[in-house]
Amino acid sequence: AECRCHRHGESAVVRAVTMTLTLRYLYRGEHRRDARLATIARRGDRADAKAVLAALRADASLDLDRFGAFAYDAAREGWVAVADYDDARAGSSFAPEGDELRVELVDSLRREPEDASADTEAGYFGIGIVRGKTAGNDGVLWRSAAQLGAAFTCTIGARHGKVDDRTDATSAWRNVPAFAYADFGAFAASAPRGAALVGVEMGGEPLDGFAHPERCVYLLGAEDEGLSAAARRACRH
């Protein structure tokens with residue numbers, strides 16, 4: 001914003017300093033357009049860490065005990081854990097990108113160490129399609145998931161109506177539950193805790209040589225667009 005003042009026949013432009021900035025926060029894997037927005041106070045050209053935490057805690061739908069918050073610090077050109085600045089480092093702040101600070105929410109449960117004596121049958125896996133375009137393919141996935149021993153299947157942001165049951169020739173619905181999520185954010189908030197996300201795309205590591213995690217969800221991309229860059233970032237493998 002700017003204003004003009006006149007003094008002794010001269011005009012001068014005075015630029016007003018914006019005292020707030022936009023906090024854009026989303027689950028890792030969500031598209032930028034699906035992010036939630038909040039307005040927070042700024043301190044000079046920085047975003048105050050406590051103001052960021054306060055805004056996130058004000059959103060009752062967020063489980064901050066489960067999801068860690070990471071802010072993108074433009075000066076460091078990297079992601080910084082917001083919780084690291086809570087209480088212990090009063091006055092800490094982040095460098096926003098212009099008038100906006102990005103924050104991503106990530107499942108905070110760490111991978112558990114391998115236990116050689118553990119039951120080899122322990123664990124589970126699920127299979128999901130992100131932004132599937134064809135209802136029939138979801139029905140085929142359901143059937144295949146049951147045949148492969150999956151614990152569940154899901155659709156994320158499906159671009160069609162209900163699943164075409166005619167392609168589920170084995171009545172997989174009797175053995176394997178199927179969940180539908182409106183978008184990636186809804187999936188991320190409800191996904192099994194600590195389960196690694198594994199992106200399945202053409203040109204990746206062959207599945208027969210892949211070391212499958214004990215707990216994971218395999219994500220397949222849409223028939224016409226594959227997995228988005230945002231969804232791939234959310235995948236551990």
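This is a predicted model: local features need pLDDT of at least 70, side-chain atom pairs count only at pLDDT 80 or more; totals for chains, interfaces and linings use all residues.
Local features were taken only at pLDDT of at least 70 and side-chain atom pairs only at pLDDT 80 or more, whereas totals for chains, interfaces and linings use all residues. Residues are numbered from 1 along each chain as its sequence is written, and side-chain values use heavy atoms, with hydrogens and water left out.

Helices (H or I, at least four residues) and strands (E, at least two) are DSSP runs numbered from the N terminus. Helix α2 spans residues 135-148, 14 residues in total. The distance from its first C-alpha to its last is 20 Å, close to the expected 20 Å, the expected span being 1.5 Å times one less than the number of residues. Burial was assigned with a 1.4 Å probe on protein chains only (buried, under 20% relative accessible area; exposed, over 50%; partly exposed, in between). The buried residues of α2 are Ala135, Gly136, Asp138, Gly139, Leu141, Trp142 and Ala145. These buried residues pack against β10 (124-130), β11 (152-156) and β12 (178-181), contact meaning heavy atoms within 4.5 Å.

Arg66 lies in the loop between α1 (49-58) and β6 (67-73) and is buried at 10% relative accessibility. Its side chain reaches the backbone oxygen of Ala189 at 3.5 Å, and a polar atom of the Arg66 side chain lies 2.6 Å from the backbone oxygen of Ala191.

Cys154 is buried, at 1% relative accessible area, and Cys216 is buried, also at 1%. With a disulfide defined as a pair of cysteine sulfur atoms within 2.5 Å, the count is zero disulfides.

Conventions
A polar contact is a pair of N or O atoms within 3.5 Å; within protein, one must be able to donate a hydrogen and the other to accept it, and residues adjacent in sequence count only if both atoms are side-chain atoms.
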